[in-house]
Amino acid sequence: MVKLSDINENNYEACSGLMCTQEQCEFTNSPVWSLLQAAYASFKDKSKLYCISDDNRVVGMIRLDFSVYDDYYMFTNLIIDKSYQRKGIATQAVRLALDIFREEKKFEVVRIHVAMKNTHAIHLYKKVGFVSTNKFSEKGLLIMEYSL
């Protein structure tokens with residue numbers, strides 16, 4: 001069973017060793033960079049990095065942004081280790097992240113930024129229910145939205 005849990009002294013080393021495929025590394029931050037970003041941002045209570053596990057094995061991580069933006073949630077740095085991809089884990093992890101946002105009840109929208117070349121991610125997000133806004137971020141990334 002896939003679950004999201006806090007990153008702590010028992011799983012941070014496993015998270016830092018996660019490996020994406022060479023193609024995917026073009027689209028996401030390294031696990032170590034993600035850990036550093038989350039440590040700084042969570043210090044300010046703006047975002048939180050979660051460990052993704054499947055049957056008690058660390059298989060990925062995801063960062064949820066709760067108050068970085070004024071009127072929406074965002075998640076970034078979704079990484080599933082290349083050994084565990086194509087098993088539906090990312091789909092389940094995104095759904096669990098959406099559940100966490102629903103429970104907080106601060107905003108009604110979740111946004112993500114995704115590279116147009118990252119067709120696997122776009123397919124995943126559409127499957128979960130995200131839609132394209134047909135707008136792009138300052139970095140040229142497609143903005144997709146999900147209504148909670």
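Close-up 1. Ile52 has Gly60 of β3 as its bridge partner. Strands β2 and β3 run antiparallel and are joined by eight bridges; strands count as paired if DSSP finds at least two bridges between them. Two residues sit between the strands of this hairpin, and Asp55 takes a positive phi there, near 50°. On to β1 (residues 2-6), which runs antiparallel to β2 and is joined to it by five bridges. Here Val2 stands opposite Asp54 of β2. Strand β2 (residues 47-54) is largely enclosed by the rest of the structure, because seven of its eight residues are buried. Buried here means under 20% relative accessible area, exposed means over 50%, and partly exposed is what falls in between (1.4 Å probe, protein chains only). Strands are DSSP runs of E with at least two residues, helices are runs of H or I with at least four, and both are numbered from the N terminus.

A word on the model: this is a predicted structure, where local features need pLDDT of at least 70 and side-chain atom pairs count only at pLDDT 80 or more, while totals for chains, interfaces and linings use all residues. Residues are numbered from 1 along each chain as its sequence is written, and side-chain values use heavy atoms, with hydrogens and water left out.

**Close-up 2. Phe66 meets Phe101.** The structure holds nine aromatic pairs. Rings of Phe, Tyr and Trp (its six-membered ring) pair if their centres lie within 6.5 Å; planes under 30 degrees apart are stacked, over 60 edge-to-face, and the rest tilted. Phe66 and Phe101 make an edge-to-face pair, because their planes are at 70°, with the ring centres 5.5 Å apart. Phe66 comes from the loop between β3 (57-65) and β4 (73-80) and Phe101 from helix α4 (residues 89-104), so the pair ties together parts that are 35 residues apart in sequence.

**Close-up 3. Phe75 meets Tyr125.** This aromatic pair is edge-to-face too, at 5.7 Å centre to centre and 65° between the planes. Phe75 is in strand β4 and Tyr125 in helix α5 (residues 119-128), so parts 50 residues apart in sequence are tied together. Phe75 is buried at 4% relative accessibility, and Tyr125 is buried at 9%.

**Close-up 4. The two sides of α5.** Ala121, Ile122, Leu124, Tyr125 and Val128 are buried in this helix. Next after α5 comes Gly129, with a positive phi near 125°.

**Close-up 5. The nonpolar cores.** A nonpolar core is a set of buried Ala, Val, Leu, Ile, Met, Phe, Trp, Tyr and Cys residues joined through side-chain atoms within 4.5 Å. The largest has 32 residues, and Ile52, Phe75 and Tyr125 are among those with the most contacts inside it. Helix α4 gives the most to this core, with seven residues. A second, separate core has six residues, including Cys15, Leu18, Cys51 and Met61.
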